[in-house]
Amino acid sequence: MAGLTTENLAKARETVALYPQARSALIPLCHLAQSQEGWLTPEAIVQIAELVGVSAAEVKGTASFYDMLHTEPVGKYLVGVCTNIACMLGGAYELLEHAENRLGVRCGQTTPDGKFTLEEMECLAGCDGTPCVAVNYRFFLGLDNGSFDRLVDDLDSGKLEAQVPAHGTLSRVPRQGGLRTDGQEVLAERAASDQAIAARKAAAEKAAAEAAEAAENSEKKS
Ligand code: FES
């Protein structure tokens with residue numbers, strides 16, 4: 001199993017440098033590692049932990065909380081059939097059964113060639129085209145057995161490479177940089193903000209004291 005490549009290690013270090021706190025880069029680094037292998041390998045988890053200064057258990061604990069991050073191998077295509085209420089009424093369970101037969105695996109399993117992982121998913125926000133299927137989070141609405149088979153054939157033959165990149169690919173054009181913040185600039189902005197807050201507080205206290213004095217003078221006069 002592989003850790004981060006030299007190129008991705010450099011990208012990871014660059015990503016960490018974008019954040020005032022290294023641990024804030026934890027999730028972006030998980031996505032980076034997943035984009036390399038399609039899942040988070042144990043080696044990558046250890047590297048991420050070292051890069052952001054937490055334990056490997058913390059990285060795994062965080063990654064396992066999020067459905068879109070995988071700490072076990074995933075097929076090139078993660079096929080999710082939504083079985084939530086609208087899709088269920090639209091025949092999702094029948095389609096899921098067909099998908100299991102077509103791919104030759106049960107829900108949660110990966111085909112022996114490592115190409116397809118089949119999953120049952122919650123609402124994918126495609127309720128107007130049921131049943132809804134997501135392949136690597138690209139949506140295909142209103143599928144029946146025939147159109148599902150055609151989708152699998154097209155994925156298998158590579159016809160949809162451009163539309164559905166391999167699992168883990170988040171963007172066709174990865175970002176090369178980010179918002180770099182000058183630490184001194186941040187400190188200066190915070191100091192200016194503190195000053196403005198203190199000035200507002202002093203003005204409010206002064207106004208309250210003047211109001212109290214005016215009320216007292218008015219009482220004395222009467
Ligand atoms: S219920 Fe399936 S997409 Fe909403």
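Leu4 is in contact with Leu9, Ala12, Ala33, Gln36, Ala44 and Gln47, leaving aside its neighbours within four places in sequence. This residue belongs to the segment before α1 (6–16). Is Leu4 buried or exposed? Leu4 counts as buried, because it has 22 C-beta neighbours inside 10 Å, and the cut-off for a buried residue is 20 or more. Gln34 is 30 residues away from Leu4 along the chain, yet the C-alpha atoms of the two are separated by 9.7 Å. The coordinates used here come from a predicted model.

The next topic is the chain as a whole. The protein contains 8 helices and 4 strands. Read from the N terminus, the order of these elements is α-α-α-α-β-α-α-β-β-β-α-α. The domain assignment gives domain 1 (6–65), domain 2 (77–157) and domain 3 (182–222). Between the centres of domain 2 and domain 3, taken over C-alpha atoms, there are 62 Å.

Overall dimensions can be set beside this separation. Along its principal axes, the C-alpha trace spans about 95 × 50 × 30 Å. The radius of gyration of the protein is 27 Å, whereas a compact globule of 222 residues would have one near 17 Å. Of the 222 residues, 27% count as buried. Among contacts with a separation of 6 or more, 62% are accounted for by residues 24 or more positions apart.

Where does the largest nonpolar core lie? This core has 42 residues, and those with the most contacts inside it are Leu29 and Ile48. Domain 1 and domain 2 both give residues to the core, so it lies between them. For Ile48, the residues touched are Leu26, Leu29, Cys30, Ala33 and Val59, not counting residues up to four places away in sequence. Ala33 is also one of the residues in contact with Leu4.

Which residues of α6 are buried? They are Ala92, Leu95, Leu96, Ala99 and Leu103. These residues cover an arc of only 100° around the axis, which puts them on the same side of α6. An α-helix has 3.6 residues a turn, so residues three or four places apart point the same way. The buried residues of α6 pack against β1, α5 (85–89), β2 and α7. After α6 comes Gly104, with a positive phi near 75°.

Helix α7 covers residues 145–157 and has 13 residues. From its first C-alpha to its last, α7 reaches 18 Å, close to the 18 Å expected at 1.5 Å a residue. Its buried residues are Phe148, Leu151 and Leu155. They cover an arc of only 60° around the axis, which puts them on the same side of α7. On the other side of α7, the exposed residues are Gly146, Arg150, Asp153 and Ser157.

The loop between β2 (116–121) and β3 (133–135) contains Pro131. A cis peptide bond joins Thr130 and Pro131, with omega at about -10°. Ala125 is also placed in the loop between β2 and β3. Although Ala125 is not a glycine, its phi is positive, about 65°. Ala125 is exposed, because 10 other C-beta atoms lie within 10 Å, and the cut-off for an exposed residue is 12 or fewer.

Tyr137 lies in the loop between β3 and β4 (138–140). Its phi is near 65°, again a positive value in a residue other than glycine. Is Tyr137 exposed or partly exposed? With 14 other C-beta atoms within 10 Å, Tyr137 is partly exposed.

Methods: Residues numbered from 1 in each chain as written. Predicted model: local features only at pLDDT ≥ 70, side-chain atom pairs only at ≥ 80, totals over all residues. Core = buried A, V, L, I, M, F, W, Y, C linked by C-beta atoms within 7 Å. Domains from an automatic or database assignment. Contact = placed C-beta atoms within 7 Å. Helix = DSSP H or I, 4+ residues; strand = E, 2+ residues; numbered from the N terminus. Rg over C-alpha atoms; globule rule 2.2 N^0.38 Å. Expected span 1.5 Å × (residues − 1). Arc of directions from axis to C-beta.
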